[in-house]
Each structure stands twice: as C-alpha cells, then as structure tokens.
Amino acid sequence: MKRDCKNIDITDPETILPWVTDCIMRHKKRHDFRQLLVRVGKLSERQYYAAIEAGDYTAWQPAIHRIAEEAAKRIANRDLHLRPVRIRERTDRSSGKLRKIGDEEAVQQVFDHIAVGATDPIWRRRFVPQQASSLRGRGPVYGSKIIRGWIQQDNRAARWAYAHKRKYSRKCRYFAKLDVRKCYPSLRTAVFLRYFRRDCGNADLLWLWETLLESHKVEGNEGFMIGALVSQFACQYLLSFAYRYVMNLHKSRRGKRHKLVTHALFYMDDQLLFSTSRRDLKSAVRQLIRFEQEELGLTIKPTWGIQDTGSQPADMMGFRHYANGWATIRPRIFRRARRVALHVLRRRHMALGQARRLCAYKGYFKRTDSCRIIKALRLKKLFTRAAATISRRDKEARNGNSIVQPTAGRHPVHDPA
C-alpha cells in the first residue's frame, strides 16, 4: 500500500517554517499570539505594534524563525510541553445549540498547523471533490455549484431523451439528507490512527497527530475537540471513507451492476445522497448508517427520509435546490439578510458590523436566482457601499487611526468602532 509523507522532516525548522508563518499571520492580532512572538520569538512590543500599524511584517521573520526552531526542537525531543486544553461552553448564534469549544494555547495551534500542513499529500489523495469543506476554496458556494450542476445536467439529459424518444431514468429524482449526531465528540483517536497509519509513512508525523488528538481528552471529553484545526481535517479524512463506501454500493440485475447512489455530497458532517430509485436509496442509506456506526463510531440522526426533488427542494449549506435547476436561499438566512438590508435602507447609515454582515451574505444572493429581491432591496448598491465601508476602515487601521500605542505598563487601546 502506498504511503505518503515519508520524506517530510518536521524536525527541520526550514521545513515547518511556512506552516508556522501561516499560523502566526492568520492570528497575528490575537493577544496570545502577540505573547508568543514576544516570549518565544524575542520580538519587542514596539516592533509588534509598529508592524501591525504599518502592515509590513518583514521585521517579524527572525521571531517567526525562532518559533519554528523551538517547535522543531520539541517535536524532535517528542515533548510538546503543552498546557491542558480548556473547554468553554458557547451558544451557537445560528442554531442556538450549546457547544463545548476547546481553547488551545497559541503554541498548540502552531503545532496544529504543522500537522495539517505536513499531511497535505494525504489530504490531496484522500479528500474527494465532493467534500465541500476543509480545503481552501471549498465552502457552501462550491458545494451549491456542484449540486446545481448535477440537477441541470440531469434535466438536459432528460430533455434530450424525450426529444429522441429514448428511455432515461433521472439521476437526481430522489434524495436523502443525513446528519451525524455530535460528530466531533463521537470520533475516537484510535479509529483515526487505524486508517491514518495505512497512509502515513512518517513516524514523527504519526506521533505528532496522536499527541495532539490525545490532548483533547480533558474534562471528560473522549472525542475530538471542537475548534481545533486537527479535528476538522481528521474528521473529513474519516468521512472520505464513508463517501467511497456509499458510492461503491451496487446491485445486480440481469447480470449488470447498477449503482445505488448516483451522486453524493458531504459538507462537514452533513451528507446529501441522490438516486434514481427510492428503494435503492433507502437500501444505501441503511448500509451507510451501519458502516459509519461500526467502522467510524458515528451515529446518524433518525430524522432522515427519502424525498422527491419534484415536490421538495434539497436544502443544503444554506441553499435550496429545486428540480428545475433553480436555487434559492434558505428562508432563515434570507430573513436575516433582509433584516440587515432594510435596517441600512431606513437609516441610510452603515456601521462596520452591518457592512461585514452584508458582505457575508453576498455569495448567497450572487449564486442563487434572486434577481427580483436584489432589485427590490437595492442590494447591488448596498454591497458596493459595504465593500467601500470595510475598505475605508481597513485603511484607517493601517494608517494608525484605530490602534493606539501602549503606554508604560498598559495594554493598547482599540477603537470600539
């Protein structure tokens, strides 16, 4: 069996430097990363705030290199010196669910980026294009485009068959949506390592993954920690085996093999399956539920059901896809976006938070058939104003108008606006 990552030396500072740099630059304005740069990287407070104010981080390179050297040294000594992960309960604003989020220290997040970055060859080989998550550029819009393409292609094939008097079975006639119950807490490190050892031929990398995932077992938690980068990629890695399993399910009729599932899309732990037959889809769902329970330790919520695309749209990732190829926004998301737009139109003033929310909703309107509502709410102008507002505030921050240099013995004061 082919194994990857054999020649990646994560004990070499030069090898892990790009991943350390990516982690620090992504979280550079957080206070814990500022302390990491000052304490481990030997960067002065003045250099830190000067770089933030000017937007030039060239002076940080020696400090980031020192952090990479320290991380490589700890990996080589097989001792990461990590403090226990703290768990905080937070309420999800979108769903209202109470979630236990892991709070990792800055240096552990650096190790998370090293583990994920060094394992990139395995991700590229194992992750399938139908997994709309984790990798850069794969999000709700990416997944919606795939589903819409399947339905439109199915409609074109049906029209051609009707025009030429050919028999055709629609590939997207029936669908089933599955949701995993408490996905991250249900996963186990032993299950991940059982599969991961078959693909990874690097002993240091295997040890690093095992150590990072074992550190999540605090305060009674036995699974993966929500909020950790390694949890996200490990979960998607395991679900890739579930995708391959369900797409390889077949039945034999008159000496021919027929696929039970024609299309499947996985968005995090949400799974959408299409099929030409209600009976075939029901059989595939039951086998997939059994596989995920026995092999991965995951439990599918019993709320799933078989739906006909002609009478019920496929609701996935905030989009609703109809049998005619049209796509609309999920009602709950649409109401929130409309509420923000109407508030701005009434008051004719756009705050920074409202501008960011409008830009976040832009993709939903741009990738759906929402021409009438875009015209009615004058969303094109609002999106332009929102982008200009964010750009102007970012320029003010770079020019030093939003960040005040700290005085002796005090923390910097940020403009709440």
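Predicted model: local features only at pLDDT ≥ 70, side-chain atom pairs only at ≥ 80, totals over all residues.
Trainee: Which helices each supply at least two residues of the lining of the largest cavity?

Mentor: The structure holds one cavity of 30 Å³ or more, and about 30 Å³ of space lies in the largest cavity. Its lining consists of Ala 337, Arg 338, Ala 341, Leu 358, Tyr 361, Phe 365, Leu 379 and Phe 383. The helices that each give at least two of the lining residues are H13 (331–347), H14 (352–366) and H16 (379–398).

Trainee: What distance separates the end C-alpha atoms of helix H10, and what span should its 12 residues have?

Mentor: Helix H10 covers residues 203–214. The expected span takes 1.5 Å times one less than the number of residues, so the 12 residues of H10 should span 16 Å. The end C-alpha atoms agree with this, being 16 Å apart.

Trainee: Against which helices do the buried residues of H10 pack?

Mentor: Leu 205, Leu 206, Trp 207, Leu 208, Trp 209, Leu 212 and Leu 213 are the buried residues in H10. Their packing partners are helices H4 (61–76), H5 (106–118), H6 (120–126), H9 (189–199) and H11 (229–247).

Trainee: Is Gln 109 buried or exposed?

Mentor: Gln 109 is found in helix H5. Leaving aside residues up to four places away in sequence, Gln 109 touches Cys 23, His 27, Arg 30, Asp 32, Phe 33 and Glu 104. Buried means under 20% relative accessible area; because Gln 109 has 12% relative accessibility, Gln 109 counts as buried.

Trainee: What distance separates the C-alpha atoms of Met 317 and Tyr 267?

Mentor: Met 317 lies in the loop between strand E9 (314–316) and strand E10 (319–321), and is buried with a relative accessible area of 6%. Beyond four places in sequence, Met 317 touches residues including Leu 265, Tyr 267, Arg 330 and Tyr 364. Met 317 and Tyr 267 are 50 residues apart along the chain, and their C-alpha atoms are separated by 7.4 Å.

Technical notes:
Residues numbered from 1 in each chain as written. Heavy atoms only, no water. 1 Å grid on protein atoms, 1.4 Å probe; cavity = no way out; pocket = protein on both sides within 12 Å on 5 of 7 lines; lining within 4 Å. Points joined across faces, edges and corners; volume = space filled by probe spheres on them. Helix = DSSP H or I, 4+ residues; strand = E, 2+ residues; numbered from the N terminus. Buried < 20%, exposed > 50% of the residue type's maximum accessible area, 1.4 Å probe, protein only. Contact = heavy atoms within 4.5 Å.
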